[in-house]
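Please consult the sequence and the structure while reading each question and answer.

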Amino acid sequence: MTVAILGGGIMGINLGYCLSRQGLQVEIFEASPVLGGLAGPLILEDGVAVDRFYHAILSSDSHLASLCAELGIDNRLRFRETRMGFYHQGQIHSMNNVIEFLRFPPLGWVDRFRLGLTVLYAQFVRDWRRLEGIRVDEWLTHLSGRRTFGSIWRPMLKAKFDGGFEDTPATYIWARLVRTRSTRQGANQKEMAGHLIGGYAALMTAMAERIVSAGGKIHLRAPVQEIVIEHGRARGLRLGDDVQPFDAVAATVQAPIFRRLIPGAGQDYHDYLGQTDYLGIVCPLLVLDRPLTGYWTLNITDERVPFTGVIETTAYIDPQYVGGHHLVYLPKYTAPGSEWQKKSDEEIKAIWLKHLQMMFPDFDPKHVRYLLVHRERYVEPLHGLNATHLIPAVKTPVENLYLATTAQIYPALTNGESVSRHAREAAGIILGDLTPRAHPSIQVSMPVTDSALP
Ligand SMILES: Cc1cc2nc3c(=O)[nH]c(=O)nc-3n(C[C@H](O)[C@H](O)[C@H](O)COP(=O)(O)OP(=O)(O)OC[C@H]3O[C@@H](n4cnc5c(N)ncnc54)[C@H](O)[C@@H]3O)c2cc1C
């Protein structure tokens with residue numbers, strides 16, 4: 001049985017790896033010249049490969065850890081104790097342990113207590129469905145109080161959602177609080193973050209090698225123009241004028257891209273997929289000759305600053321693994337239709353440098369080795385209140401056509417851990433459908449996954 005997989009990001013490669021292990025002949029089609037998608041590498045002018053976007057692996061990412069062990073690359077995992085902080089009213093406040101938390105100057109002690117309680121309370125919520133219909137701002141105001149919501153949560157949510165977050169369910173912040181806290185280890189609650197030497201690219205390469213040695217194929221620079229559908233069944237892929245037949249097709253691209261590729265699917269399905277949208281991102285990468293903050297993550301509560309945070313990945317990646325550089329990412333998440341996506345790279349660079357200078361008066365541009373702007377339109381799926389019925393299932397209405405995409409990961413956040421888990425679950429569904437006798441126990445419909453938490 002031959003299966004075409006569309007997309008060579010974490011989802012596509014994981015799916016190909018899982019299906020080829022079960023004896024299916026897979027061929028992966030990736031539009032770009034490298035594997036990895038959002039988690040792919042970037043080659044700097046000096047030839048050093050770094051992550052195009054920041055990618056931490058958390059010490060609690062157990063699925064990734066066992067995948068790395070299975071592939072024999074777990075000796076390349078490195079973890080470090082990291083620090084996070086807040087940039088609030090022109091000052092950096094460290095927020096790493098109970099003492100710092102209890103001293104956190106932007107809040108009075110009652111508000112601090114309520115903020116701590118919010119974080120703690122989130123860890124005990126087991127049934128996320130209870131939070132599905134509650135607005136994130138209502139939930140946070142109720143738990144943390146109006147003042148803390150106004151000075152901490154509101155600016156962070158505004159930055160993350162590029163403005164409005166009124167339709168966002170409380171599950172969003174709940175999943176984030178659970179995941180963030182899962183990195184804290186030991187009695188003193190040290191925060192651990194890590195990476196693979198060589199980045200996620202090392203994981204992709206290891207899986208790609210297994211796929212090829214099992215007889216599969218990986219096609220790079222292979223943009224698929226259409227998933228050919230005849231009489232309600234997927235027949236293959238069209239690349240240019242060439243139609244390549246397959247027994248089944250699994251797409252791992254985001255819903256709006258998938259929708260464009262299936263003109264032969266029914267209008268109802270098109271309309272259904274059209275209801276899924278995503279946050280985008282504009283993300284300048286500063287390559288410096290020295291550290292900027294020493295913090296892995298600096299949350300920004302100052303609404304004048306256009307970027308969402310300051311992410312210094314060389315706080316957990318030893319610079320020796322990235323050519324001695326110090327890597328600082330300055331992401332701005334963008335709502336659908338955001339003006340930020342329309343600004344040129346030069347405009348973005350000028351605005352970002354101006355604000356960086358405002359935040360860090362000692363920052364000297366002469367320490368910048370490279371400044372590169374990357375952007376993507378479809379990054380994080382947006383889930384509305386009580387909207388799980390809009391999450392597309394892996395099995396589509398078209399026979400032998402499957403969709404494994406980040407929009408199906410909910411309420412967990414989308415990251416390497418949850419995407420790899422989801423790919424494995426999706427592979428189970430596909431196998432159960434295509435080879436029911438070999439995989440009789442596998443369910444064939446799975447619109448929502450919650451097994452990926454934290
Ligand atoms: C700024 C940022 C920070 C992040 N931080 C972290 C982090 O710290 N830790 C973490 O674990 N995760 C992080 N993530 C999330 C992680 O990168 C994504 O969840 C994951 O990479 C999604 O993988 P995917 O395969 O589903 O999608 P994608 O990576 O988007 O893969 C889809 C692939 O399909 C290809 N494609 C599209 N159209 C076609 C076509 N017509 N024909 C052929 N191929 C096509 C694309 O080129 C792409 O390679 C971050 C993401 C971003 C953007």
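Q: By class, how many nonpolar, polar and charged residues does the shell around the ligand have?
A: This is a predicted model, in which local features need pLDDT of at least 70 and side-chain atom pairs count only at pLDDT 80 or more, while totals for chains, interfaces and linings use all residues. Residues are numbered from 1 along each chain as its sequence is written, and side-chain values use heavy atoms, with hydrogens and water left out. Ala, Val, Leu, Ile, Met, Phe, Trp, Tyr, Cys and Pro count as nonpolar, Asp, Glu, Lys and Arg as charged, and the others, Gly among them, as polar. On this basis, the shell has 20 nonpolar, 11 polar and one charged residues.

Q: How many residues surround the ligand, and which are the closest?
A: A residue is near a molecule if one of its heavy atoms lies within 4 Å of it. The ligand is surrounded by 32 residues, and the closest are Glu30, Leu38, His55, Ala56 and Gly416.

Q: Which helices each supply at least two residues of the shell around the ligand?
A: Helices (H or I, at least four residues) and strands (E, at least two) are DSSP runs, numbered from the N terminus. The helices in question are H1 (10-21), H9 (255-261) and H12 (416-434).

Q: How far is an oxygen atom of the ligand from a backbone N or O atom of Leu38?
A: A polar contact is a pair of N or O atoms within 3.5 Å; within protein, one must be able to donate a hydrogen and the other to accept it, and residues adjacent in sequence count only if both atoms are side-chain atoms. An N or O atom in the side chain of Tyr200 is 3.0 Å from a ligand oxygen, and for the side chain of Gln254 the distance is 2.9 Å. For the backbone of Leu38, the distance is 2.7 Å.

Q: Is Cys68 buried or exposed?
A: Cys68 belongs to helix H2 (residues 62-70). Buried means under 20% relative accessible area, exposed over 50%, and partly exposed in between (1.4 Å probe, protein chains only). Because its relative accessible area is 1%, Cys68 is buried.

Q: Is Phe124 buried or exposed?
A: Phe124 lies in helix H4 (residues 109-124). Its relative accessibility is 62%, and therefore Phe124 counts as exposed.

Q: What is the phi of Asn400?
A: Most residues other than glycine have a negative phi. Asn400 is in the loop between E21 and E22, and its relative accessibility of 10% counts as buried. Its phi is positive, with a value near 60°.

Q: To which residue does the backbone nitrogen belong that lies 3.4 Å from a polar atom of the side chain of Thr308?
A: Thr308 is located in the loop between strand E17 (297-300) and strand E18 (309-312). With 14% relative accessibility, Thr308 counts as buried. The backbone nitrogen at 3.4 Å from its side chain belongs to Tyr333.
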